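Subject: Structure for your review

Dear colleague,

Please find below the structure that I am handing over to you. My notes on what was found in it follow directly after.

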There are 2 protein chains.
Amino acid sequence: MVEAGFGRAACRRTGCCLRVATLPAATSNLLVHREPLEEALRAAVGYLEGPADAAMRYVMGWENESGQPIDAAGKRIRPALCLFAAEAAGGSIAAAMPGAVAVELVHNFSLVHDEVQDHDAERHHRPTVWARMGEGQAINIGDLLYTRAIRALTDGAGESARRMRALGVLNIAIERMIRGQWDDIAFEGRDDVTIDDYLAMVAGKTGALLSAPLEIGAILAGASPSVSLALGRWGMHIGAAFQAQDDFLGIWGDPGQTGKSNTNDIARRKKTLPIIHALGNPGAADVVRRAYARDQLDDHDVAAVAEALKAAGSDSYCRERAREQAAEADDLLAVLEFDDATREQFRAVAAYFVERDA
Amino acid sequence: MVEAGFGRAACRRTGCCLRVATLPAATSNLLVHREPLEEALRAAVGYLEGPADAAMRYVMGWENESGQPIDAAGKRIRPALCLFAAEAAGGSIAAAMPGAVAVELVHNFSLVHDEVQDHDAERHHRPTVWARMGEGQAINIGDLLYTRAIRALTDGAGESARRMRALGVLNIAIERMIRGQWDDIAFEGRDDVTIDDYLAMVAGKTGALLSAPLEIGAILAGASPSVSLALGRWGMHIGAAFQAQDDFLGIWGDPGQTGKSNTNDIARRKKTLPIIHALGNPGAADVVRRAYARDQLDDHDVAAVAEALKAAGSDSYCRERAREQAAEADDLLAVLEFDDATREQFRAVAAYFVERDA
């Protein structure tokens, strides 16, 4: 019953993202602390009145535009990874909770700023903060969530020295995340982005905040630096696997499963991993360039691009890359000297990141 | 010679803001550590290549748009207050430096985000970051400066427990600052903002980051909580005095001294302290409302409003309020049990905040 009240619909309007907030049963070790986590997140964001505080709760998925309670929370993958790492390292959930709260609040701060930067008016069928309140207030809401993340670690329970170290790791992850976002925006105006450029960008933009939770969880659990660093590297690899799979699903995913369009990435001329891979194949590159040069891409153009990518093997390339990264993560488990049961839990989590269809 | 290389022109284009970066000799205790402070700030921001890092140095006033070295740094009032408080509390400059660096970086992060929010294309005759690089990248630069501020305290020299406390105080000040900025934006659409609303807003928007440096300096110096809290309150009052004087100068200042237009506040329909005061005077309120209802305010309208404000005593009101706040600050000196020389230094700093004409 640990999922009670969570893991249901992220969107009330259509049935299409019913699974958005749900992790599969195989990753039950990522679900098990969902309830205390959500409570700690609510305590960190607070219950103050007024539109700024309501906007923070809206972003976290607890309230709708009118301040009525809803359940539109996301998967909470990052804090789940933090708590998972802490338990694997022999620590308590209570000690790791400030780190779990901090990483999730940072994730939400980054979403709010990204939405302004990308002019995304909706996320999971809910209007974004800037679309509701203007860009200026959305910048403020992102900044506020950032302060609440820092506060979770400065004021949290547990040893002060460990929280300080965790804060240092989180802060560097945030810097890497922002630099990734910088590159992502800078790439829009460039036609010469290589696969290496792209991988470096996403390693920052999404990888840093998937790796840091594991390192932070280990630090707060009192693990040795060699363990916390190895767990951080494990997270880096599964973060890369996650992103490769995400880029795959952005074109070949089932919208009924993912809750996201599988035509948007192409229609919006994004340069995701399969696209950049295909640009290295003369035939596919030609199809992509012609389509991306149009004023507006219709369904036919999108289908033609997806077809050309498949012919160039860009779908397999993404799947292979996800598996390679999961294998690299697996190699690190040898260093980590966990017992067999714990090792299997890590493998189950890695498998989810590679195989997930939602 | 402590001012060598600093405290000169903030703007190369005109002579109008020659004094922007200069504090008067009477506040020599705020100037004395300018050189090591600037070095510590440069170390915290770093020397990395690439446009994001160059943009951070541009914001700090060390480089122009082409990355060439210039000297356009601001007055660095906030870090100076931090170092001043630390010395007064018997601590070392070295121990307080991480706090000084952090408050100045936070100030600059807030400027960059405010410029996006207010659509200000220039500051001290230099194009703002968003005007140069777009709003998305300006949001990133602000966020990056925020991470660097946190890093100054997580990685700095000195006792870890003190840095953690300082970080907690800084972080709450940042939250108050952002909430002040939220209110400032929210007030734009309101016609019923009272003087109390306004004072609460500026206490957050500018007061929090003038108070926090003093409390942080004292904490890093190892002062007792009663001393650090009293110094923070002293800073709160001189922050309020600073803002009242700022609002006075925004209408009756000499642009040759302040480096800022004295027609902008009215021309841009701002609701600063003298304006809100005048709205409580039926005759003046009528003039202000008629002028603010126009599509565009010309020089004649601005002069008429300034005249009406003067007739309503709104200029004296600002000056009185600044003096009142300085007197409240002075009362706190009795609690603080400093020696006479230190007390006089505090009075000189307070006098500067109240009497400054630049």
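In chain B of this predicted model, the axes of helix α9 (residues 195–220) and helix α10 come within 7 Å of each other and cross at roughly 145°. The crossing of α9(B) and α10(B) is right-handed. Sorted by class, the residues that make up this contact are 16 nonpolar, eight polar and one charged.

Helix α10 of chain B spans residues 225–252, which is 28 residues. From its first C-alpha to its last it reaches 40 Å, close to the 40 Å expected at 1.5 Å a residue. Most of α10(B) is covered, as 23 of its 28 residues are buried.

The C-alpha atom of B:Asp197 is separated by 8.8 Å from that of B:Asp183, and the two residues are 14 apart along the chain.

I turn next to the relation between the two chains. Chain A is superposed on chain B by a rotation of 180° with 0.0 Å of shift along the axis, at an RMSD of 0.0 Å. This is therefore the relation of a two-fold axis. Within chain A, the C-alpha nearest that axis belongs to A:Met164, at 3.5 Å from it. Both copies use the same surface, since 100% of the contact residues of chain A recur in chain B.

How many residues of each chain take part in the contact? There are 29 residues of chain A in contact with 29 residues of chain B. On the side of chain A that touches chain B, at least two residues come from each of α5 (93–118), α7 (135–155) and α8 (160–187). Among the contributors, α8(A) gives the most, with 13 residues. By class, this side of chain A divides into 13 nonpolar, eleven polar and five charged residues.

A further helix of chain A also deserves a description. Helix α17 (residues 340–355) of chain A has 16 residues. The distance from its first C-alpha to its last is 22 Å, close to the 22 Å expected at 1.5 Å a residue. Its buried residues are A:Phe346, A:Val349, A:Ala350, A:Tyr352, A:Phe353 and A:Val354. What covers these buried residues includes α1 (28–31), α4 (77–88), α10 (225–252) and α16 (314–336) of chain A.

Two loop residues complete these notes. In the loop between α16 and α17 of chain A lies A:Glu337. Phi of A:Glu337 is near 50°, a positive value in a residue other than glycine. A:Glu337 counts as exposed because it has 10 C-beta neighbours inside 10 Å. In chain B, the loop between α12 (264–267) and α13 (273–278) holds B:Arg269. Phi of B:Arg269 is near 60°, again a positive value in a residue other than glycine. With 15 other C-beta atoms within 10 Å, B:Arg269 is partly exposed.

Yours sincerely

Notes:
Residues numbered from 1 in each chain as written. Chains lettered and ligands numbered in written order. Predicted model: local features only at pLDDT ≥ 70, side-chain atom pairs only at ≥ 80, totals over all residues. Least-squares fit on C-alpha atoms with pLDDT ≥ 70 in both. Contact = placed C-beta atoms within 7 Å. Helix = DSSP H or I, 4+ residues; strand = E, 2+ residues; numbered from the N terminus. Expected span 1.5 Å × (residues − 1). Buried ≥ 20, exposed ≤ 12 C-beta atoms within 10 Å, placed from the backbone. Axes fitted to C-alpha atoms, helices over the stretch in contact; angles between N-to-C directions. Left-handed = near helix turned anticlockwise from the far one by under 90°. Nonpolar A, V, L, I, M, F, W, Y, C, P; charged D, E, K, R; others polar.
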